[in-house]
Amino acid sequence: MNQQMSSLPIPSQVIETLRSAGHVAVLTGAGVSAESNIPTFRDAQTGLWAKYSPEELATPQAFRRNPQLVWDWYAWRRELVSRADPNPGHFALVELAGLVPKLTLITQNVDGLHQRAGSDDVIELHGSITRIVCSSDRRVAETWSEAGETPPRCPDCDSYLRPDVVWFGEALPTQALHRAFQAAETCDLFLSVGTSALVHPAASLPFTALERRTPTIEINPDETPLTPHATFVLPGPSGQILPALVAGLKN
Ligand code: NAD
């Protein structure tokens with residue numbers, strides 16, 4: 001049984017657990033960027049894109065079937081991300097890293113908002129929407145044009161270019177995955193923030209910490225498969241809870 005807590009102000013037990021931690025591992029998901037107006041997957045399919053599910057757009061099969069549709073969807077999301085700003089949740093994690101002895105930030109997000117807020121050395125499990133790579137050899141394309149045919153072609157080999165993100169059914173970058181599991185295995189506090197805890201292998205990370213009896217805090221306005229197992233649950237938006245957590249630690 002975990003402690004379902006009223007989130008604000010942050011209960012002293014949670015602050016004390018955070019204060020005594022030497023290494024905090026944080027896993028973030030789409031919910032952390034929701035308050036920057038980047039839709040989570042559940043909320044993403046609106047307007048023009050309502051008739052497609054993310055699983056129909058974010059797969060290698062979808063790209064093979066209809067490369068233009070997939071490129072255009074990502075171009076729309078890239079535009080959305082470029083207009084977005086980091087929110088108080090992203091900034092609170094930058095501050096938290098300066099307050100604890102060690103913090104490892106692992107994200108499933110592809111929007112680069114943690115880095116834009118000032119977080120260093122972010123472990124990106126699912127790549128980045130802002131990088132464009134050759135679909136054959138994954139070499140990064142420094143420039144490309146959206147003016148002509150989409151997707152644009154690789155200047156070296158003429159294959160289509162694609163976003164450097166991990167699609168459903170694709171393997172995660174080995175080194176990022178290794179570092180993420182190492183952090184989950186060695187941290188003494190795990191924070192799961194704004195993730196549905198449904199997309200594996202990232203969803204296994206908090207459970208890896210729990211198996212080692214590492215205290216695990218979930219921050220999410222909704223229940224997830226992690227909720228019944230987390231040591232502490234702080235229900236609410238991360239843009240409010242994370243700054244409150246940092247304020248509690250500083251007091
Ligand atoms: P998800 O969309 O499956 O789940 C988002 C979670 O965030 C939900 O549990 C929801 O309750 C919670 N949430 C919503 N608003 C919140 C808020 N204000 N504060 C805290 N939590 C909030 O996302 P996921 O678990 O990250 O996994 C799905 C995949 O979606 C990942 O592969 C990721 O790459 C991709 N994705 C990324 C972005 C992004 O980069 N911003 C956006 C959408 C999807």
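In what follows, Lys and Arg count as positive and Asp and Glu as negative, while His and the chain ends are not counted. By that count, the protein chain of this predicted model has 19 positive and 27 negative side chains. The centres of the two sets lie 2 Å apart.

The secondary structure comes to ten helices and nine strands. The radius of gyration of the chain is 19 Å, close to the 18 Å given by the globule rule for 251 residues, so the chain is as compact as a globular protein of that length. Its C-alpha trace spans about 60 × 35 × 30 Å along the principal axes.

Of the 251 residues, 53% count as buried. The chain exposes about 11800 Å², and carbon and sulfur atoms supply 51% of that area. Among contacts between residues at least 6 apart in sequence, 69% join residues at least 24 apart.

Some backbone angles deserve a separate look. Most residues other than glycine have a negative phi, and most peptide bonds are trans.

| Cis peptide bond | Omega | Loop holding the proline |
|---|---|---|
| T150 to P151 | near -5° | between β5 (127-134) and β6 (161-165) |
| H200 to P201 | near 5° | between β7 (189-193) and α9 (205-211) |

Positive phi values occur at N37, near 65°, and at D121, about 50°; neither residue is a glycine. N37 lies in the loop between β2 (23-28) and α2 (41-44) and is exposed, with a relative accessible area of 65%. D121 lies in the loop between α7 (113-117) and β4 (123-124). With a relative accessible area of 54%, D121 is exposed.

Notes. Residues numbered from 1 in each chain as written. Predicted model: local features only at pLDDT ≥ 70, side-chain atom pairs only at ≥ 80, totals over all residues. Heavy atoms only, no water. Helix = DSSP H or I, 4+ residues; strand = E, 2+ residues; numbered from the N terminus. Rg over C-alpha atoms; globule rule 2.2 N^0.38 Å. Buried < 20%, exposed > 50% of the residue type's maximum accessible area, 1.4 Å probe, protein only. Contact = heavy atoms within 4.5 Å. Areas by Shrake-Rupley, 256 points an atom, 1.4 Å probe, with all protein chains shown as cover. Charge placed at Lys NZ, Arg CZ, Asp CG, Glu CD.
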